[in-house]
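Here is a short report on the fold, the cores and the surface of one protein. Have the sequence and the model open as you read.

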Amino acid sequence: MKRNYVLSYKAENTNEPVIWRLIKDFDLQVNILRAKVSPGQEGSLLVEIDASEAATMDKALCWLEQQGIKCMGVAKRIFWEEKLCVDCGACTGVCFPAALAMDKTDWKLAMDLDRCTACGLCVKACPFGCFRLDFGD
Ligand code: SF4
Ligand code: SF4
C-alpha cells in the first residue's frame with residue numbers, strides 16, 4: 001500500500017534521523033517528495049510511504065506520534081470549495097500526478113487526493129480560487 005503523508009516536525013525533532021528509522025525499523029519504502037525542514041525550526045515533509053502490510057504502517061504511525069511528529073494523509077491538507085467549482089478543468093492540466101481529472105461520464109471534476117504531491121499548482125490555476133493548501137507555508 002502506497003500513500004502520501006505530510007509529517008509535521010517540532011523544532012526538537014529536526015535533529016533526529018526519522019526517515020532512516022522508518023526504513024530500518026519498520027521496513028518501509030520512503031520517498032521524500034517535498035521538504036520544508038530547517039535545523040531547530042518547525043517544518044513539514046511530504047513523503048510517499050510504501051508499506052507491505054497495513055499493520056506495519058499502523059505501527060510506524062504510532063511510533064511517529066510517540067516522537068511528537070504529526071503524520072497526516074496529504075488529502076487532509078488540501079481543501080476544495082466545491083460550491084465555487086464550475087468544472088472548467090483548468091486545474092487538471094497542471095496536476096502532474098493526476099490527482100485531479102475530469103470524469104468522462106459526466107465531465108465533472110474528479111479527485112484522488114491521496115496522489116497529491118502538494119505542489120500547489122492547482123491553487124494558482126483555478127480561476128475561482130477553489131483550492132487551499134496547508135503545507136505549513
Ligand atoms: S497540489 Fe499539485 S498535486 Fe496536489 S492536487 Fe493540486 S496540482 Fe495536483
Ligand atoms: S480549475 Fe477550479 S473551477 Fe475549474 S475544475 Fe478546477 S476547481 Fe473547478
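Strands here are DSSP runs of E with at least two residues, numbered from the N terminus. On that basis, V86 sits in the loop between β5 (78–80) and β6 (100–103). Keep in mind that this is a predicted model.

**Overall build**

The protein has 3 helices and 8 strands. Their order along the sequence is β-α-β-β-α-β-β-β-β-α-β. The C-alpha atoms fill a box of roughly 45 × 35 × 20 Å along the principal axes. Of the 137 residues, 36% count as buried. Among contacts with a separation of 6 or more, 65% join residues 24 or more positions apart. The accessible surface is about 8,200 Å², and carbon and sulfur atoms hold 52% of it.

**Two domains**

The domain assignment gives domain 1 (2–74) and domain 2 (76–133). Their contact takes 10 residues from domain 1 and 10 residues from domain 2. The C-alpha centres of the two domains are 26 Å apart.

**Two cores**

The largest nonpolar core has 19 residues, and L100, L109 and F131 touch the most other members. Domain 1 (2–74) and domain 2 (76–133) both supply residues to this core, so it lies between them. A second, separate core holds 18 residues, including Y5, I19, L28 and I69.

Setting aside residues up to four places away in sequence, L109 touches W80, C85, D87, C91, T92, L100, A101, M102 and F131.

| Residue | Relative accessibility | Class |
|---|---|---|
| S8 | 17% | buried |
| V86 | 48% | partly exposed |

S8 falls in strand β1 (residues 2–9). Because its relative accessibility is 17%, S8 counts as buried. Which residues is S8 in contact with, leaving aside its neighbours within four places in sequence? They are G43, S44, G68, I69, K70 and R77.

Together with L84 and F128, V86 makes a nonpolar surface patch of about 260 Å².

Conventions:
Residues numbered from 1 in each chain as written. Chains lettered and ligands numbered in written order. Predicted model: local features only at pLDDT ≥ 70, side-chain atom pairs only at ≥ 80, totals over all residues. Heavy atoms only, no water. Core = buried A, V, L, I, M, F, W, Y, C linked by side-chain atoms within 4.5 Å. Buried < 20%, exposed > 50% of the residue type's maximum accessible area, 1.4 Å probe, protein only. Domains from an automatic or database assignment. Contact = heavy atoms within 4.5 Å. Patch = residues over 30% accessible without salt bridge, like charges linked within 9 Å, V, L, I, M, F, W, Y side chains within 5 Å. Areas by Shrake-Rupley, 256 points an atom, 1.4 Å probe, with all protein chains shown as cover. Salt bridge = Lys/Arg side-chain N within 4 Å of Asp/Glu carboxyl O. Helix = DSSP H or I, 4+ residues; strand = E, 2+ residues; numbered from the N terminus.
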